[in-house]
Protein chains: 2
Amino acid sequence: MNQYLKIDPWKIIEEGFNPDNNRSSESLFSIGNGYMGQRASFEEKYSGDMLQGNYIAGVYFPDPTKVGWWKNGYPEYYARIANNTNWIGIDVAIDNETLDLATCKVNDFTRVLNMQEGYLERSFTATLASGKKLKIESLRFISLVDKEIGAIKYSVTPLNFSNSLMTITPYLDSDVKNESTNYGDTFVATVAEKTEKNAAFITTKTTKHDIHVCTGMSFSITPATSKIEAIKQDKHVAHQITLPTQTDQTVTIYKYAANVTSHDYELEQLLPKCKELSKNAMSKGFDTMLNEQRTAWAEKWQQNDVIIEGDEAMQQGIRFSIFQLAQTFSGKDQRLNVNPKGFTGEKYGATIQWDSESICVPYYLSTAPEAVTKNLLLYRYNHLDKAIKNAAALGYINGAALFPMATVNGDECQNEWEITFEEIHRNGAMAHAIFNYVRYTDDKNYLVDYGLEVLIAIARYWAQRVHFSPAKNQYVIHGVTGPNEYENNINNNWHTNNIACWTMKYAIEVIDYVKQASPEKYSTLSKKLNFKETEESEKWQDIISNMYFPIDKTTGVFLQQEDYLDKEQIMAKDLDPAVRPINQYWSWDRILRSCFIKQADVLQGIYFFMDQFDHETIKKNFDFYEPRTVHESSLSPSTHAILAARLGYTDKTYELLLRSIRLDLDDYNSEVSEGCHITSMAGSWLVIAHGLAGMWVKNGKLTFAPFMLPNWKSYSFKTSFRGCLLNVKITRDSVIIDNESDKAINVVVNDIEHTIDANQMINIRK
Amino acid sequence: MNQYLKIDPWKIIEEGFNPDNNRSSESLFSIGNGYMGQRASFEEKYSGDMLQGNYIAGVYFPDPTKVGWWKNGYPEYYARIANNTNWIGIDVAIDNETLDLATCKVNDFTRVLNMQEGYLERSFTATLASGKKLKIESLRFISLVDKEIGAIKYSVTPLNFSNSLMTITPYLDSDVKNESTNYGDTFVATVAEKTEKNAAFITTKTTKHDIHVCTGMSFSITPATSKIEAIKQDKHVAHQITLPTQTDQTVTIYKYAANVTSHDYELEQLLPKCKELSKNAMSKGFDTMLNEQRTAWAEKWQQNDVIIEGDEAMQQGIRFSIFQLAQTFSGKDQRLNVNPKGFTGEKYGATIQWDSESICVPYYLSTAPEAVTKNLLLYRYNHLDKAIKNAAALGYINGAALFPMATVNGDECQNEWEITFEEIHRNGAMAHAIFNYVRYTDDKNYLVDYGLEVLIAIARYWAQRVHFSPAKNQYVIHGVTGPNEYENNINNNWHTNNIACWTMKYAIEVIDYVKQASPEKYSTLSKKLNFKETEESEKWQDIISNMYFPIDKTTGVFLQQEDYLDKEQIMAKDLDPAVRPINQYWSWDRILRSCFIKQADVLQGIYFFMDQFDHETIKKNFDFYEPRTVHESSLSPSTHAILAARLGYTDKTYELLLRSIRLDLDDYNSEVSEGCHITSMAGSWLVIAHGLAGMWVKNGKLTFAPFMLPNWKSYSFKTSFRGCLLNVKITRDSVIIDNESDKAINVVVNDIEHTIDANQMINIRK
């Protein structure tokens, strides 16, 4: 844990400059708009420890796979988001003495992330070695309105000197490196530099896929000056602006940057488009753009705000979660998905994983137009051919699909055998997302047009992945890694066996539906897939009916895997705090042998299918697994918190929600310097909606079973459902639901159905 | 399989030049002397596919470890034997037209490895593009007598032209690269080049450990000429010799190379020593040196030859095995051990693994002076501190030791978690080697001076590695990889559980012995190790008495691991030959899930403790496991063959022995191009001695229970035992044992004890 930030309902605030926290702050204060983003590094030179990171969604480098012992089926490369041209740089010098926070004295430093209005602010005074004192104020944002534009206002005020020469040098620099690389390769090659009057441009391209990015800047300065010299160097373009100084007279530079890519434009259009956009931005002007930014964010908050009364730490945390998710993913581009680290760091290389389906899909179902979630599903549908090829490379036949563990473009990127080949429950999560989407939206056409094709491919995979155990006289699934990655290559992971059977069952149901709803489309698809319905679905049914599930006969607890009870049973609370997180202190074999669980596994399975389990079953499994869970995955506390809330475990719910909601702000796992955990932030929202408010879709209706934390006065959140937008507020004694849409909706609260007319509110006393 | 070599009892013969076989031949025709060695590349330029490799034992490069997901306890580097200065090079050109077998026409090519006399010969005629025809003959060897010296005789005869200018350019070249590297690093840096009259020198050093090697050459040429120009370039020294040509007049160059290292000499002595040695060699002269070589090899064969009458393929194979082992390891240097690839390739980086104990120790016990095996044991004793540190890094306390899976200097090199941390049966193999050595030699002082210290450290490891299973109410060992590496992270590997208990039991026995034999030394050691005898050995005893062993209750077969019978049971013979070896065709998870076994596992355990198991037990386990074993490890066929012989399975023994003995010559696993399997060659010898002749030590006596293969007339081998050298010959109807030493020995043949007087022979009719 590292708690150095001030609590505030709308802002993230760092006061005082501590270089040891700089990398963490660079992650936490990151800004972005779904299209691009960056870590919160400084505009001026900083020679201390930092990671200057500027990233654009979908611009990645294929980092060659390197392993000691190559296994058949390993991917060719790991896709890493490319650290691209640094466009924030503004060097400042007084009489050739450069401002550098690592070498000068810094006072009154504050760094503020204004989540309400969507910008990053910083101010401080610096005393240079010469004794000259400067006040610096900067404000920058990445526009929600003009997706390719970022803007910076940067002011320098001499505090104790006059008649010196100040040089201000805005620049673009493509001599950048990714920290996260296998071979230390440079991920982007610079293909062109260009300077113009008060503007400059750099074009880069990534290796292999030749994704081109043109980055441009325009700038203006007050007071105006003509002493501006353009500088063009290899991978570096700049303008050196020279001004005389006067005590207390502020010099302000406005820098407008544009980033355009070959994903959106033809190569020859990149430079002209970049010029046009950066100059348009300058014409629009900083204040206008900032106002637009405020308005855009106000609209976002109008759609998505969560208000927690009585708990400012949670309030700040949930807004930080919503803010970072909105910065990471807009849902507008079908080629993109929710990057687990967003634009806040390089870990995981920006690859998309199964948390997209398990956590982000339910979040976006409630908080965004249907089309956004549909895009998340289509992202996988569009990768189905590659998932089939991936399975074929592992020996599967007949159009079976295994979706990748980590991917950017559908190609598998993961290269640990115990994950790549064995963490196959992810394939079930892909199927579950379809089920979840249809349950929530009632968009059954999706099944006809896309869903069934994916479901058949996944069911075909499971049917080949199981085998019949002669000793058990049942089907088993050997050699898997469950969601709990602190076990590898185990047999009969309860969750995997369960979701495998469920997928086959759901596929059979959907086949029946599509056959009825659209016999022609079914027939076409059937032919395309060479689907032998009777034979294949009979096989699936046989597996469903004869699957083995490890269960403790004494207690009825679902066993995470075969032989789990052979382990030494120690509780996480009895672990020496000095060895936590255990992944930073224990050898891997020791972790594997222990009973400690990284993240929800059986409980993840229960959460996926919550309404299939009675209270008693949920309780005995939660009571068994939660004490053994060390929550060293960001995804874990939220799932456990939802179950804890369902069970009415007040303290546990609070503890787990706090851990989820402030995971990065308080750096529970000592790793926020590497970037924030974006996808898990959606989990925090789910705890409030699914866990506390008990919001589920049952029989096509939104239902609530609210639960309140003792120290809270109230909480409220917005949720979309089938064309309605509801504001749901839970107080200590009532449930207030405001239907902000133009049509009526029926909701069920604590098992009683209520009709809420268009634009009406109901207040249900508990 | 690739069978292109001629069968011959004493030679390996390749006739005709096929570039596709060149890399395989470079491995198979390798020469060495334990100190250094090289692949059988050509002296003259070759622009085709090849791996020019010159290696010196113990000269290695620390290749930084690179993994996708770093695990605590991973080693810093993988030690790779450094490809050092190429000293064989002799370029030949006629009127500036270079001889290159990749571009000229080659006729009458033969490459012969003369195992009887210890040299490599080659001859061919080459027709250059110009039509000029040359005959080339070369002979080279690495001296058994002068360990740092290699010598080459290289002759060129113009066949169809005169009055041309021939240039012959002997050179040294340190611009070499290892093929096997993580990052493409160059492993040796050149620190000095020097040329003198008819001599030249290059000094290199490895990164990090600064191991210096000085390589030198001297040469002479007939007919004599004065047209010799020294050439010194970066990493390259040479002498260009120019001669007029006459049809049928042969030009011969004699090249003498010396390689000295900073392991043996002070840095400033390297160059003078190298000069001295290479010039001494030249003074001695090629023919004298070659005669010495013949004599030295004759002595080796006198000590170690195995004669198989009636099976030339096997005869050739076993001599190849003995020859390659002798080329790899001399046993004279305690810092060295038996490198699994010898000097024949770069795979495994020259790291030492557990086959050193399981296969090489029993081989050297019989075929070399006791001191050689003792050196192999001391190699581990000298690394005990590092093994304790290694275990400590994995969380073990109280002086527990885990010996490395792969090492050069005692540091762990392996970096796959499922091997590094889990293939822990190796620790048992270290203990077993001590037991084996003492059983064979009766050198109980070894236990007092070294053995007990190692045994206590290993027993302490096992005592911490087991845990008590509440469900089984017994001790279990979870998360291991057995000898069969086609299973990873399994629970209760029968062999591992067995050897763990055995180690603790043996440690207790040895404690009792040392206490009695040398109470003072015991007391000193006890204090040094802070050994709490009562407490610790009671714990060990408790584990021994309450260890869980997986056993099939129906058949009594020892189960390789927990839940093995849950696998689909398919026999190896039913596998499609097109997917074999399965490790080249199947994904890793599929291999893991299958019942197929890479190499002896339960059977390895039975082999280790053969006299503890009755015929019925051995039979039912062999009958169960052999049909499931795909023998994709070089170590596997020999162990299985020994058991098959013991069971009287004639055909199986023959099949497995042939596979072991001709593994490389016939390239069973399609990988000999990467190098030969040196350690497994010792296994082939063990099949003959332990398997066929049934030679074991029982109650301190050498016992035999001979077995004959149907097509064989006889086989004979030499074996040392407690100061005696015996020649054991088994014919179809008799066992002839010749005691070639000056003291009598009692041996047991088919349960009957016989005395063989000094220098006497007995002939026992069957």
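Predicted model: local features only at pLDDT ≥ 70, side-chain atom pairs only at ≥ 80, totals over all residues.
**Entry 1**

I began by asking how chain A can be laid on chain B. A turn of 180 degrees with a shift of 0.1 Å along the axis does it, and the RMSD is 0.1 Å. The two copies are therefore related as by a two-fold rotation axis.

Next I wanted to know which residue of chain A comes closest to the rotation axis. I found A:Val67, whose C-alpha lies at 2.9 Å from that axis.

I also checked which surface each copy uses. The same surface serves both, since 98% of the contact residues of chain A turn up again in chain B.

**Entry 2: the contact**

How many residues does each chain bring to the contact? I noted 43 residues from chain A and 42 residues from chain B.

Then I looked at the elements on the chain A side. Both β22 (467-469) and α14 (588-593) of chain A supply at least two residues each to the side that touches chain B. The largest share of that side comes from α14(A), with five residues.

I sorted the side of chain A that touches chain B by class, too. My tally reads 15 nonpolar, 15 polar and 13 charged residues.

**Entry 3: the domains of chain A**

Last, I turned to the domain assignment of chain A. Domain 1 is given in two stretches, 13-64 and 76-302, while domain 2 covers 383-550. I asked what distance separates the centres of domain 1 and domain 2 of chain A. Taken over C-alpha atoms, the centres are 46 Å apart.

Conventions: Residues numbered from 1 in each chain as written. Chains lettered and ligands numbered in written order. Contact = placed C-beta atoms within 7 Å. Helix = DSSP H or I, 4+ residues; strand = E, 2+ residues; numbered from the N terminus. Nonpolar A, V, L, I, M, F, W, Y, C, P; charged D, E, K, R; others polar. Domains from an automatic or database assignment. Least-squares fit on C-alpha atoms with pLDDT ≥ 70 in both.
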